[in-house]
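Subject: Structure handover

Hello,

Here is the structure I said I would pass on. My notes on what was found follow below.

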Amino acid sequence: MKIVLTFDIERDIPGVFNSYFGVKIGLLKILKILDDFNIKGTFFCTGDIIEHLPEYVKIIEHKDHEIACHSLNHERLNQLDYSKCRQLIYQNKKLIENLCQNSEIIGFRAPYLKPPLFLLKILAELGFKYDSSISSPRNLKKYQINGYQIYEFPPSNSNVFFRFPVNLQVFSNWIFKKNLDILYFHPWEAIDMRALIFNQLNLFNKCKNLLIRPDRWINTGDKFINRLRKFIKEALSEKVEFVTLKDLINYKEKTLT
Ligand SMILES: [Zn+2]
């Protein structure tokens, strides 16, 4: 069984906060865990992070993880027209390529997992090899109307379940039954989001997030970090192989030739 750990590198819940505590604090804790177990992950970075915190993206690259694209400023691409969307993804890719000159940038994930129907056409035109935005494989046909050869790696909608307040074993048992799972996380999950919501938002937004959106704070911070460490340890003991999405592409290309 293979697991891909993917991380969307962006602001602390785009659209809610404008801060970067997740990248400045949480990301380093995540990288330490991956280092400790000597496994590599795939990191989808927004252009916004490249512009504001390039040193953190360089750390990811230096540790030989895969760097991929996640749009310029976490836009809702499905609400934009073709040329605007293409321009944002192009700028995102160029910013990353200029910063990470030792990395080949071949992957993309749409913000909010909401890709426009023409996304695969744009990705093919811009030299990408894969997308990881379409969480429901049943919907894949809708996006392939133009027949563009972009691999799709559906992200598993599991990050909230990962932090769901039940025994982690329930989650692990569910994941280990599969042949392949692409888990996705964010650096802000590795910081205490309840404290951030409490300290930074006005009373209305504070109540809204604490009461209606527990997925934005439940088991974040040290609890998330401890869960991630425990999950990886258990997966390795079950002989799970951790790979990057680029590894999967290389494997597919090798078996096709
Ligand atoms: Zn995102």
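Among what covers the buried residues of helix α9 are α1 (21-37) and α10 (203-212). Covering is judged by contact, where two residues count if their C-beta atoms, placed from the backbone, lie within 7 Å. Helix α9 itself takes in residues 193-200, and its buried residues are M193, L196 and I197. Viewed down the axis of α9, these fall within an arc of 95°, so they line one face of the helix. The arc is that of the directions from the helix axis to the C-beta atoms. An α-helix has 3.6 residues a turn, so residues three or four places apart point the same way.

Please note that this is a predicted model, in which local features need pLDDT of at least 70 and side-chain atom pairs count only at pLDDT 80 or more, while totals for chains, interfaces and linings use all residues. Residues are numbered from 1 along each chain as its sequence is written.

Some terms used here: a residue is buried if 20 or more other C-beta atoms lie within 10 Å of its own, exposed if 12 or fewer, and partly exposed in between, with C-beta atoms placed from the backbone. Helices (H or I, at least four residues) and strands (E, at least two) are DSSP runs, numbered from the N terminus.

The chain as a whole

The protein chain has 12 helices and eight strands. Its radius of gyration is 18 Å, close to the 18 Å that the globule rule gives for 257 residues, so the chain is as compact as a globular protein of that length. That radius is taken over C-alpha atoms, and the rule is 2.2 Å times the number of residues to the power 0.38. The C-alpha trace spans about 45 × 45 × 35 Å along its principal axes. Of the 257 residues, 40% are buried. Counting contacts between residues at least 6 apart in sequence, 74% join residues at least 24 apart.

I25 counts as partly exposed, with 15 C-beta neighbours inside 10 Å. D36 is also found in α1 and is exposed, with 11 other C-beta atoms within 10 Å. D36 and R229 are 193 residues apart in sequence, yet 9.3 Å apart C-alpha to C-alpha.

Core and strands

The largest nonpolar core has 58 residues, of which I9, F43, C45, I67 and C69 touch the most other members. Such a core is a set of buried Ala, Val, Leu, Ile, Met, Phe, Trp, Tyr and Cys residues joined through C-beta atoms within 7 Å. Leaving aside residues up to four places away in sequence, C45 touches I9, I50, V57, I67, C69, H70 and I96.

Strand β2 (residues 42-45) runs parallel to β3 and is joined to it by four bridges; strands pair if DSSP finds at least two bridges between them. F44 has A68 as its bridge partner in β3. Both faces of β3 are covered, with E66 and A68 buried on one side and I67 and C69 buried on the other.

Two backbone points

Which residues have a positive phi although not a glycine? I13 does, at about 50°, and D64 does, at about 65°. I13 lies in the loop between β1 (2-9) and α1, and is buried, with 21 C-beta neighbours inside 10 Å. D64 lies in the loop between α3 (54-62) and β3 (66-69), and is exposed, with 10 other C-beta atoms within 10 Å.

Regards
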